[in-house]
Amino acid sequence: MTQHVFRDPLLQCLAPRLSRSMATETSLPEFNTPSLGTSMQSPLSTMPFAARRAAPTPPDVLTTIYKFPSMEPMRFAYYPVNKLYLPLRRDILHRAVVFEGDATRQGTASTKWRSDVHGGGRKMRPQKGSGKARIGDRKSPMLRGGGVAFGPHPRDFSTGLPRKIYDLAWRTALSYRYKRGQLVVLGNEIEIEMSESRWLAQIMEWNHLGKGDGGSLLIARDPSENLSQAFLGLEGHGRLKSEDDVDVKDLLKAGRIMIEKRSLDRLLRRHSSDLNRTVPSAM
């Protein structure tokens, strides 16, 4: 008796697993077994050196394109493996997150040193004979109203990071989400009819994208006014950002990533300086 197993189509399509090998199946070559009297010669030794050194072309990865807000699968798209199937590099991701955090620091804290405080330079009392501690002018840091010793001054906290490393971190973060089945590519624009947060929260919870499942990050090219107003009262279900405001930390922080296909193609083209060829758009 055949037993049918029903699975969630959303979770099944997020990270599809192909049962058939991506390589083309061919028949194995037949070699004649040498007799005991003849010398044993390996078949690889008779092959040309270039044929033995040739590496197979890596296949593209398959991505399911969904429709928002019904989250129904629309079609499939293929992306190169060096865009959405890179190995996890924690060191590169750490450098990218630190680079972004240092760039966001304002560095505007400022205090007045004794040379910046108003006052004269006359010594307040003699060095000896008063029975009190020695002291200089009234701008001393030990006195009230004096300067601050070793206080902060405006400075630039930003650090440097090569662009090729930062672009590699971007694609590594996207690949990490893709491998875990947490990258949802939307074929249409992220748009809702009403600006009510309750209606959008029901959509997120029904599709297992709300705060009960870690929340989601929605990335759109031009977020509409209704969508922006609805996200103001979601209370942890997700966040909405434009494609120009997203960084590597946002990709690693959210539970799931919901991104428009056109935004994903644009971000992949933007963060491909470490590649020798131009990044093609997904078909």
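This note goes through a predicted model point by point, from the overall make-up to single residues.

1. Overall make-up. The protein has nine helices and six strands. Of its 283 residues, 34% are buried. Among the contacts between residues at least 6 apart in sequence, 70% join residues at least 24 apart.

2. Packing of H5 and H9. Helix H5 (163-179) packs against helix H9 (residues 261-270) at an angle of about 150 degrees, and the two axes are 9 Å apart. An angle over 145 degrees counts as roughly antiparallel, and H5 and H9 are therefore roughly antiparallel to each other. On the H5 side the contact is made by Arg163, Asp167, Trp170, Arg171 and Leu174. H9 contributes Leu264, Leu267, Leu268 and Arg270. By class, the residues of this contact are five nonpolar and four charged, with no polar residue.

3. Two residues of H4. Arginine 90 is found in helix H4, which spans 90-104. With 67% relative accessibility, arginine 90 counts as exposed. Its C-alpha is 9.6 Å from that of alanine 173, although arginine 90 and alanine 173 are 83 residues apart in sequence. Glycine 101 also lies in helix H4. Its relative accessibility is 29%, so glycine 101 counts as partly exposed. Glycine 101 and serine 158 are separated by 57 residues in sequence and by 8.3 Å in space, C-alpha to C-alpha.

4. A lysine to check. Lysine 139 sits in the loop between helix H4 and helix H5. Is lysine 139 buried or exposed? Lysine 139 is buried, yet has no salt bridge. The nearest side chain of opposite charge belongs to aspartate 137 and is 4.5 Å away. Leaving aside residues up to four places away in sequence, lysine 139 touches Arg114, Val117, His118, Gly119, Gly120, Gly146 and Gly147.

5. Salt bridges in general. Side chains of opposite charge can pair when their charged atoms come close. The count for this model comes to 13 salt bridges.

6. The bridge between arginine 262 and glutamate 189. Arginine 262 forms a salt bridge with glutamate 189, and the closest N and O atoms are 3.6 Å apart. This pair links distant parts of the chain, 73 residues apart. Arginine 262 is in helix H9, whereas glutamate 189 is in the loop between strand S3 (183-186) and helix H6 (197-206). Arginine 262 has 31% relative accessibility and so counts as partly exposed. Glutamate 189, at 47%, also counts as partly exposed.

7. The side chains of aspartate 250 and lysine 241 meet in a salt bridge at 2.7 Å, N to O. Aspartate 250 counts as buried because its relative accessibility is 6%, while lysine 241 is partly exposed, with a relative accessible area of 22%. Salt bridges that share partners join Glu189, Glu260 and Arg262 into one network. Glutamate 196 and arginine 198 also meet through their side chains in a salt bridge, here at 3.9 Å, N to O. Glutamate 196 is partly exposed at 39% relative accessibility, and arginine 198 is exposed, with a relative accessible area of 61%.

8. The loop between S1 and S2. A cis peptide bond joins phenylalanine 68 and proline 69, with omega about 5 degrees. Proline 69 is found in the loop between strand S1 (61-67) and strand S2 (72-79). Methionine 71 is found in the loop between S1 and S2 as well. Its phi is near 60 degrees, a positive value in a residue other than glycine. Methionine 71 has a relative accessible area of 7% and is therefore buried.

9. Histidine 208 is placed in the loop between H6 and strand S4 (216-220). At 37% relative accessibility, histidine 208 counts as partly exposed.

Key:
Residues are numbered from 1 along each chain as its sequence is written. This is a predicted model: local features need pLDDT of at least 70, side-chain atom pairs count only at pLDDT 80 or more; totals for chains, interfaces and linings use all residues. Side-chain values use heavy atoms; hydrogens and water are left out. Helices (H or I, at least four residues) and strands (E, at least two) are DSSP runs, numbered from the N terminus. Buried means under 20% relative accessible area, exposed over 50%, partly exposed in between (1.4 Å probe, protein chains only). Lys and Arg count as positive and Asp and Glu as negative; His and the chain ends are not counted. A salt bridge is a side-chain nitrogen of Lys or Arg within 4 Å of a carboxyl oxygen of Asp or Glu. Contact means heavy atoms within 4.5 Å. Axes are lines fitted to C-alpha atoms, for helices over the stretch in contact, and angles run from 0 to 180 degrees between N-to-C directions. Angles under 35 degrees count as roughly parallel, over 145 as roughly antiparallel, 65 to 115 as roughly perpendicular and the rest as oblique. Ala, Val, Leu, Ile, Met, Phe, Trp, Tyr, Cys and Pro count as nonpolar, Asp, Glu, Lys and Arg as charged, and the others, Gly among them, as polar.
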